[in-house]
Amino acid sequence: MKKGKRMVKRTKKYFYPAAIFIAATLCTAVPAAGGAGLSENVHHSAGQKAAAALLAEPAAPNGGRGSRVQPAEDSASRSRVAIIIDDFGNGMKGTEEMFALPVKFTVAVMPFLPTSVKDATRAHEQGLDVLVHLPMEPRQGKPEWLGPGAVLTRMSDAEVRKSVEAALDNVPFAIGINNHMGSRVTGDERVMGIILAVCKERGLFFVDSHTNYRSVAGKMAQEMGLPPVENHIFLDDVHTSGHVAKQMRLVQERALDQKYCVTIGHVGIQGKETAAGIRSGIAELKDSVEFVGISELVKDQWKWNSSLTLP
Ligand SMILES: [Zn+2]
C-alpha cells in the first residue's frame, strides 16, 4: 500500500497530461488502433485460431451453471461471451452504467489512478473479474500519454519487471493483465517475456487486447504454458450506441461460430453510449449466448488453472 502511494506521488507529474490524454483521445486512440488491427487480424489469427481449436475441448457437462438458460437448452453447450471493459480507475464516464449491466463482465483497471483501488474493490464485491489494465508503449504517440506506471521498450529487464509488479500490487483482486495501448510492447519478445513470466509466477494470465496484429503475446503465452487469450472484437471503435449494438451482433456470430468470443469496450468520454449499446446487445443476445467472466472462459476453454511458480 505504502509502495503504491509513493508511486502515485512520484508519477503525479504524468498524471495530468495523462488524464487529459485519456479524457481527450485515448478512448478514440485505443479502439482506433485496434480497429485498424482487427481487419488485419482476421488473416493473422488463422494460425492462432487453429492452435486455439486444438487446445479447445468441449466444455464438461455442468448442470449447476447458467440458471438464466432456456429450459430446453443445456447451458454447457451454449456459446460464451466475455466482455472486458477497459480504462477503469480514473472515474471515467460510463462507470456507473457499466457496473449496472445485468450480466457478468470483466473490469480492467488502470493502476495508480484516483479510483483504481475503489473500482477494483467494487468489481470484486459485485462478483466480477478484475484485470490490471497495464499501460504499455504504443508504436505511435508519446509514452507520457500512457499515464503512470507504463511499461516501455527502452526499460531494462529489471525495470520492466518492477513496473509490472508495482501495477499488480496497486490493483487489488486482479486475476490477470490486459494491455492499455501497447502496440509496440506486444510485438517485443524481450518485454513480453518478462510480463508473461511475472504472470506465470503469480498464477495470472495475460489477455492480448490486440492493438498490434503482429503481437507475439499469444504465441509466447502458449510456449510458457499460459492460455493464449486475445480480444476478438472492439465494441466501440465508433462511439455510438448503435454501432456498439451492431458490434454485439458480430460478437454473437463469432461466439456461435467458435463457441466463445472475447470483446472489449471502454469507459471514457463516450462510456455511457458504449454502456447503452452493450445493454441493448445483451437484451438481444442473452437467449443465444452466455455472458461470463474472463476467468470462466480461460478455465473452460484452455483448461487453465491458476498455479504459482517461483521466480
Ligand atoms: Zn485502455
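I'll start with the core. The largest nonpolar core holds 72 residues, and those with the most contacts inside it are Ile84, Ile85, Val109, Val130, Val151, Ile195 and Phe206. A nonpolar core here is a set of buried Ala, Val, Leu, Ile, Met, Phe, Trp, Tyr and Cys residues joined through C-beta atoms within 7 Å. Buried means 20 or more other C-beta atoms within 10 Å of the residue's own, with C-beta atoms placed from the backbone; exposed is 12 or fewer, and partly exposed lies in between.

This is a predicted model: local features need pLDDT of at least 70, side-chain atom pairs count only at pLDDT 80 or more, and totals for chains, interfaces and linings use all residues. Numbering runs from 1 along each chain as its sequence is written.

On confidence, the protein averages a pLDDT (the predictor's confidence in each residue, from 0 to 100) of 81, and 75% of the residues score at least 70. Over residues 1-73 the pLDDT is below 50, yet this stretch has 89 contacts in the model beyond near neighbours in sequence. Contact means C-beta atoms, placed from the backbone, within 7 Å.

Of the 311 residues, 48% are buried.

Back to Ile85. Leaving out residues up to four places away in sequence, Ile85 touches Met98, Phe105, Val107, Ala108, Gly265, His266 and Val267.

Next, backbone angles. Most residues other than glycine have a negative phi. Asp87 has a positive phi, near 75°, and is buried, with 25 other C-beta atoms within 10 Å. His210, also not a glycine, has a positive phi of about 65°. His210 counts as buried, with 29 C-beta neighbours inside 10 Å.

Methods. Two residues are in contact if their C-beta atoms, placed from the backbone, lie within 7 Å.
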